[in-house]
Amino acid sequence: MRLTFKGEATYAPVLGDVARQTGIDFSILAGRIDRIKDSPYGQLTVAFTGNGVDTALQQLAARRITVEVLRA
C-alpha cells in the first residue's frame with residue numbers, strides 16, 4: 001500500500017501508533033519526504049500483515065492519511 005502524508009502528519013509517528021492500537025505488523029518498502037509550497041509531503045510504500053488491517057486502514061483515513069492499494 002502507498003500511504004501519503006501531508007503537513008505535520010509527515011513527521012508524526014502515525015504508522016507506529018496505528019500498528020500498536022490495531023496489532024498489525026508492517027514493513028516499509030520505500031519512502032520519501034518532499035516539500036510542496038513549503039509544506040511537508042511524504043509517501044511510504046508499506047506491506048501490512050495481521051488481522052487488524054481493515055481497522056488500521058480506517059484509523060489512517062481518520063487521520064487524513066491517503067491510502068492507495070497497490071497490486072502486482
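In this predicted model, Ile33 has Gly42 of strand S3 as its bridge partner. That pair belongs to the contact between strands S2 and S3. Here 11 bridges join S2 to S3, which spans residues 39-49. The two strands run antiparallel.

Strand S3 also pairs with strand S1. Five bridges link S1 to S3, and these strands are antiparallel as well.

Together, four strands form an open sheet. Their order is S2-S3-S1-S4, and the pairing is antiparallel. The edges are S2 (25-36) and S4 (66-68), each of which pairs on one side only. From one strand to the next, the twist averages 20°.

Two helices contact the strands. Helix H1, residues 14-22, lies across S1 (2-6), S2 and S3. The direction of H1 is at about 30° to S3. Helix H2, residues 53-62, packs on the sheet and touches S1, S3 and S4. The direction of H2 makes about 170° with that of S3.

The helices also meet each other. Two packed helices are described by the angle between their axes and the distance between the axes. The axes of H1 and H2 come within 10 Å. They cross at roughly 140°. Angles over 145 degrees would count as roughly antiparallel, so H1 and H2 are oblique to each other. The crossing of H1 past H2 is right-handed. On the H1 side, the residues in contact are Val14, Val18, Gln21 and Thr22. On the H2 side, they are Thr55, Ala56, Gln59 and Leu60.

In soluble globular proteins, nonpolar side chains tend to be buried together. The largest nonpolar core of this model has 15 residues. Leu3, Phe5, Phe48, Leu60 and Ile65 have the most contacts inside this core. At least two core residues come from each of S1, H1, S3 and H2. H1 gives the largest share, four residues.

Ile65 illustrates these contacts. Leaving aside residues up to four places away in sequence, Ile65 touches Leu3, Thr4, Phe5, Ala9, Val14 and Leu60. Among these, Leu3, Phe5 and Leu60 are also listed with Ile65 for the most contacts inside the core.

Terms used:
Residues numbered from 1 in each chain as written. Predicted model: local features only at pLDDT ≥ 70, side-chain atom pairs only at ≥ 80, totals over all residues. Heavy atoms only, no water. Pairing = 2+ DSSP bridges. Axes fitted to C-alpha atoms, helices over the stretch in contact; angles between N-to-C directions. Contact = heavy atoms within 4.5 Å. Core = buried A, V, L, I, M, F, W, Y, C linked by side-chain atoms within 4.5 Å. Buried < 20%, exposed > 50% of the residue type's maximum accessible area, 1.4 Å probe, protein only. Parallel < 35°, antiparallel > 145°, perpendicular 65-115°, else oblique. Left-handed = near helix turned anticlockwise from the far one by under 90°.
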